[in-house]
Amino acid sequence: MNPPFKDEGSVSAEDKAGRIERLILPHLDAAYNLARWLTRSEQDAADIVHEAFLRAVRYADSFQGGNARAWWLAIVRTTYLTWVAKTSGARSPLSLEEVMTSGDGDVPADGGRSPEELAHWSQCASMLTELVEALPAGFREIILLREMEELSYREIADLLEVPVGTVMSRLARAREMLKRAWAARQGR
């Protein structure tokens, strides 16, 4: 782990660039995925990640060690919240085709499955994508951070600046919303 910056005068630009590269670049895909799910727009997500990167460079010396991924995602989230405050927030959602073909690797390899099994899995993945997109923003965010980005409850609590109990409660409610919506879609 790299020591935090003491002052700008003692750290060369090259050292700072290397540190930024080590902190952010390994988690660039996670940042984009979070921004894309929050904004529901590939272009807006790219803009937010770009702006978040500039903020991260500007405030790199505020990172005092710990989980760089959570720190970086917190910057992305804050950038998103700033963006929402500046815009109407009315953006067109991603089409399911865009989500399924975005290169996330969401669709498993064939593995000898029949075309019927693959079609069924694809339908399930599409329906789950729709159901997650339909969740209110706060619940969608919790599900994404926990289930897709695999952050711990503590990391999510720190990122969202809420108690761990609130994270657990929101996550349980989000899962229940998804479960009920799934059952309703299945006609149960």
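Which residue forms a salt bridge with arginine 69, and how far apart are the closest N and O atoms?

1. **Basis of the model.** The structure is a predicted model, in which local features need pLDDT of at least 70 and side-chain atom pairs count only at pLDDT 80 or more, while totals for chains, interfaces and linings use all residues. Residues are numbered from 1 along each chain as its sequence is written, and side-chain values use heavy atoms, with hydrogens and water left out.

2. **Arginine 69 and glutamate 149.** The partner of arginine 69 is glutamate 149, with the closest N and O atoms 3.0 Å apart. A salt bridge here is a side-chain nitrogen of Lys or Arg within 4 Å of a carboxyl oxygen of Asp or Glu. Arginine 69 lies in helix H4 (residues 68–86) and glutamate 149 in the loop between helix H7 (137–148) and helix H8 (153–160), so the pair ties together parts that are 80 residues apart in sequence. Glutamate 149 is buried, at a relative accessible area of 7%; buried means under 20% relative accessible area, exposed over 50%, and partly exposed in between (1.4 Å probe, protein chains only).

3. **Other salt bridges.** By the stated rule, the count comes to seven salt bridges. One of them joins glutamate 130 to arginine 185 at 2.9 Å, N to O. This pair links distant parts of the chain, with glutamate 130 in helix H6 (residues 115–134) and arginine 185 in helix H9 (residues 164–185), 55 residues apart. Glutamate 130 is partly exposed at 29% relative accessible area, and arginine 185 is likewise partly exposed at 45%. Glutamate 51 and arginine 55 also meet in a salt bridge, at 3.8 Å, N to O. These two residues are four apart in helix H3 (residues 42–58), a separation of about one helical turn. Glutamate 51 is partly exposed at 31%, whereas arginine 55 is buried at 17%.

4. **Secondary structure and contacts.** The protein has nine helices and zero strands, where helices (H or I, at least four residues) and strands (E, at least two) are DSSP runs numbered from the N terminus. Among contacts with a separation of 6 or more, 65% are between residues 24 or more positions apart; contact means heavy atoms within 4.5 Å.

5. **Burial and core.** Of the 188 residues, 37% count as buried. The largest nonpolar core holds 44 residues, of which Trp71, Trp72, Leu73, Val76 and Leu145 touch the most other members. Such a core is a set of buried Ala, Val, Leu, Ile, Met, Phe, Trp, Tyr and Cys residues joined through side-chain atoms within 4.5 Å. Helix H4 gives the most to this core, with nine residues. Leaving aside neighbours within four places in sequence, the contacts of tryptophan 72 include Ile24, Leu28, Val49 and Phe53.

6. **Aromatic features.** The count comes to one aromatic pair, and the rule requires ring centres of Phe, Tyr or Trp (its six-membered ring) within 6.5 Å, with planes under 30 degrees apart counted as stacked, over 60 as edge-to-face and the rest as tilted. Tyrosine 80 and tryptophan 83 form this tilted pair, 6.0 Å centre to centre and 35° between the planes. Both lie in helix H4, three residues apart. Tyrosine 80 is buried at 11% relative accessibility, as is tryptophan 83 at 15%.
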